[in-house]
Amino acid sequence: MYHEGHRELQDRFDSRALADRLDDALRHDRFTDSDKAFIEASPFFFLATADDEGRPDCSFKGGLPGFARVIDPDLMVWPDYDGNGMFRSLGNIRVNPAVGLLFLRLGERPGRIRVNGLAEVVFEDPLMESFPGAQLLIRLKPTDIFPNCPRYIPHLEMVAPSVYAPKADTPPVEPAWKDSDTFRDVVPPRRR
């Protein structure tokens, strides 16, 4: 799990043994029931991607709890919803499938879990119907799953889900910026 850059800093701060123990004790490559529960309770995560030249990008992905799902111990799926049309993350996945996801739990019992793996953008998938508002799905095969120390997560409370999070049998709420003079003429029609 560690390359020479990691090892150099671990040696400088005398943490190689700790890093190795964390790897041995916590890292795994298949989702556990606990991982599944944590991920499926999350209303958001952060997605790190890089293009084919290694230039990074990080995106916020959100929805109602359960929008990211562990389907099998070696498969996680989440939908892509209508957005700004730039497709930065998904375009990166098309040329470089290596991704990193960070899930956070806020509140009195903060927590976090990292998921690294190989992702694929899928346009036709039988699971699509079970994700209201999905325009496509992302399928992820994990390579490294590990909990991370939550001590620096501030105590924040989730007040309400986003009004934009897709819901079954509910018309989508359009953001005001898409109807502004600057963008109205170039916003594509919503796919249903």
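The legends below accompany close-up views of a predicted model.

**View 1. Overall chain, with four helices and seven strands.** Read along the sequence, the secondary-structure elements of this predicted model follow the pattern α-α-α-β-β-β-β-α-β-β-β. The C-alpha trace spans about 55 × 40 × 35 Å along its principal axes, and 33% of the 192 residues count as buried. Of the contacts between residues at least 6 apart in sequence, 62% join residues at least 24 apart. The chain exposes about 12,400 Å², of which carbon and sulfur atoms supply 54%.

**View 2. The buried residues of helix H3 and the strands against which they pack.** Helix H3 comprises residues 33–40, and within this helix Asp-35, Phe-38 and Ile-39 are buried. These residues lie on the same side of H3, because they cover an arc of only 95° around the axis. An α-helix has 3.6 residues a turn, so residues three or four places apart point the same way. The packing partners of the buried residues of H3 are strand S3 (69–72), S4, strand S5 (98–105), strand S6 (111–122) and S7.

**View 3. A stacked aromatic pair, Phe-44 and Phe-60.** A pair of aromatic rings is described by the distance of the centres and the angle of the planes. The count for this model comes to seven aromatic pairs; among them is the stacked pair of Phe-44 and Phe-60, with 5.5 Å centre to centre and 20° between the planes. The pair links distant parts of the chain, since Phe-44 belongs to strand S1 (residues 44–50) and Phe-60 to strand S2 (residues 56–62), 16 residues apart. Phe-44 counts as buried, at 9% relative accessibility, whereas Phe-60 is exposed, with a relative accessible area of 53%.

**View 4. An edge-to-face aromatic pair, Phe-45 and Trp-78.** The rings of Phe-45 and Trp-78 are 5.2 Å apart centre to centre, with 80° between their planes, and form an edge-to-face pair. This pair, too, links distant parts of the chain, with Phe-45 in strand S1 and Trp-78 in strand S4, 33 residues apart. Phe-45 counts as buried, at 0% relative accessibility, and Trp-78 is likewise buried, with a relative accessible area of 0%. Both residues belong to one aromatic cluster, which is formed by Phe-45, Phe-67, Trp-78 and Phe-103.

**View 5. A nonpolar surface patch made by Leu-18, Leu-22 and Leu-26.**

View 6. Most residues other than glycine have a negative phi. At 40% relative accessibility, Phe-87 counts as partly exposed. With a relative accessible area of 83%, Asp-169 is exposed.

Key:
Residues are numbered from 1 along each chain as its sequence is written. This is a predicted model: local features need pLDDT of at least 70, side-chain atom pairs count only at pLDDT 80 or more; totals for chains, interfaces and linings use all residues. Side-chain values use heavy atoms; hydrogens and water are left out. Buried means under 20% relative accessible area, exposed over 50%, partly exposed in between (1.4 Å probe, protein chains only). Patches are made of residues with over 30% relative accessible area and no salt bridge: like charges are joined within 9 Å, nonpolar side chains (Val, Leu, Ile, Met, Phe, Trp, Tyr) within 5 Å. Accessible areas come from the Shrake-Rupley method with a 1.4 Å probe; for residues, only the protein chains shown count as cover. A salt bridge is a side-chain nitrogen of Lys or Arg within 4 Å of a carboxyl oxygen of Asp or Glu. Helices (H or I, at least four residues) and strands (E, at least two) are DSSP runs, numbered from the N terminus. The arc is that of the directions from the helix axis to the C-beta atoms. Contact means heavy atoms within 4.5 Å. Rings of Phe, Tyr and Trp (its six-membered ring) pair if their centres lie within 6.5 Å; planes under 30 degrees apart count as stacked, over 60 as edge-to-face and the rest as tilted.
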